[in-house]
Amino acid sequence: MSFELFGFGLDAWITIVTVLAMFSVMLFTKLRSDLVFLGAIGILFVTGVLDAKGAFSGFSSTSVIVIGVLFVVVAGLMNTGVLHLMVRLLLGQPNTYAKAVVRLMLPVAALSSFLSNTTVVSLFVNIVKMWSKKLNIAPSKLLIPLSYASGMGGVCTLIGTPPNLIISGLYADKTGISMNVLATAIPGIFCLFVGVLSVIAMRKLLPVRQTPESVFESTSEYTIEMLVPSDNPYIGKTVAEAGLNNIRGGSLIEVVHFDEMISPANDDEIIMGGDRLVFSGDIDELLYLRDTHHFVSADHHVFAYSEVSRDRQLRTAYVKFGSSLINDTIKKNDFEKKYNMTLVAVARSGNRIKESPREVKLQAGDTLLFECPPRVNINEGGFSSQIQFFDNNDVPNIGPRTLISTAIMLAMVVLSAIGVMSLLQCAFIAAAAMLIFRCCSPDQAMKAINWDILMVFAGSVVLGLAIQNTGIAQRLATGILDVCGTNPIVVMTAVCLVGTFITEFISNTAAGAMFFPIMYNAAEQLGYEPYPFLIALMVSVSSSFATPIGSPTHMLVYGPGGYRFSDFMRIGLLMNLIILAANIFIVNIVYPLTPLQ
């Protein structure tokens, strides 16, 4: 006797519980997304919901392989300075806010159509902040449009955003027909122009926020420098012996022996007469330390935000959502020691926290000011999953290879669009060409491949397969038809609306993989070709505007813009509805609904 509850069998319920548990874990814990997806694959395999071939089909999926190969192509473009050159040529000196939005959003969208939108936004963040000062516009008025443009631009091609690749790959597996790389171009461009006009029209909903760095610019407000007189009783003792490694209200961030700067100040560092000691934290508390330890105030402040020394810099970063640093203090872990960094100050919601920075319980989105080497290896030890620097110290090599890498990218897109070769073949050739023409080194190519992201993509494909094979998609599609009737546009709108809402809280790749079988089955049950329905789905699952966790690009601008969580909702909820309406309208014009043969 087979188990059945509410029309779902045992395998279906295992899948439902696994999916719900997986997204709950990602929302409410700090576990890495790739491990969560791998765990979900393991559960579906061990419980027999999927056989070995199905459970690991994501790793051989054409769309996942394309994404992996494109990482190498992007590495070549980044290393040769293509993005930097385009930014330099495209941004000008517009004299109104509306013109500034257009000059910003259109080029960003164009770049994001062919490159990773995360890569594009990470390049533009610092540039937009400097540009906004020249234009006398608050950066918070431009950074949300920057993130929105990257998402809307990514929709315009199959390679612009992972959900497009995942959905088109699943469609090819199902029908044997490959989508053109420019299949979403017209709907995507239309939605982009509607989005640009909407941002301009709703400009008053964008907040004016103080940028976090401006809180840190006056270092004398949160750091104090003291000199060790020649008769000080602590001369010859170590930092630990003098009790300077655990002080009330602050921390020792730097010791200057004559012209030699020691940072971070280790516990065994010897204190010498004439030393300059730099502390950060609550100035009133630190002045008490000056009196108890018989130090004297320095006659002038040499610790500056603009530059500390040739070997050390002050750099700002923000705490990522899901970081293990959340609800913890820097003092209680080895983060500083591991990366040779010293926390100088912490800001939250645009205001500097006055207590000792090393004792602040960190929250997602907090802005951190670090004293650190000019270059920090962010690819080691999970650094990139903890914090994100606002700036980028990578120096592009602009020269002849800049043109070569641009030609390679354009050739890849054109050959795929006109059907000479498949997208996968074009991507492999483009990646090989980047290496042959030395647009990037083999080492740079391998480091550019984000294996964590590929695991999430592969897991998303497997989840979609499980939802399809267990009958969940069929049942949900039937349920949607029972509620919405048999009007295909109403059904398309309903599924896209739910997809847009879901992608505010989970990976858009996972949302695309989950909703593919639901949309496909709904279209078939209505008796229509699924193709237009899937084009609309591609746009909707990449239209997450209302929460900062809805897209990695939102998180890239969240800290630099000094935003609050609610800032995205004010404009984002309306943007979701506007783009949804534009999406349904244009898809049904470009791809008229066709009955199944």
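Start by selecting alanine 317 and phenylalanine 389: the latter, in β12, is the bridge partner of the former. Before going on, note that this is a predicted model, where local features need pLDDT of at least 70, side-chain atom pairs count only at pLDDT 80 or more, and totals for chains, interfaces and linings use all residues. Residues are numbered from 1 along each chain as its sequence is written, and side-chain values use heavy atoms, leaving out hydrogens and water.

Now show strand β8 (residues 313–319) with β12: three bridges pair them in the antiparallel sense. Strands here are DSSP E runs of at least two residues and helices H or I runs of at least four, numbered from the N terminus; two strands pair if DSSP finds at least two bridges between them.

Zoom out to the open sheet of five strands, ordered β10-β9-β11-β8-β12 with antiparallel pairing. β10 and β12 (387–389) are the edge strands, each pairing on one side only.

Next, pick β9 (residues 342–348). Six of its seven residues are buried, so the rest of the structure largely encloses it; buried means under 20% relative accessible area, exposed over 50%, partly exposed in between (1.4 Å probe, protein chains only). Five bridges pair β9 with β11 (residues 367–372) in the antiparallel sense, and alanine 345 stands opposite leucine 369 in β11.

On the other strand pairing of β9, two bridges join it to β10 (residues 351–352), running antiparallel. Select arginine 348 here, and you'll find its bridge partner, asparagine 351, in β10.

Last stop: tyrosine 148 and phenylalanine 545, both of them buried.
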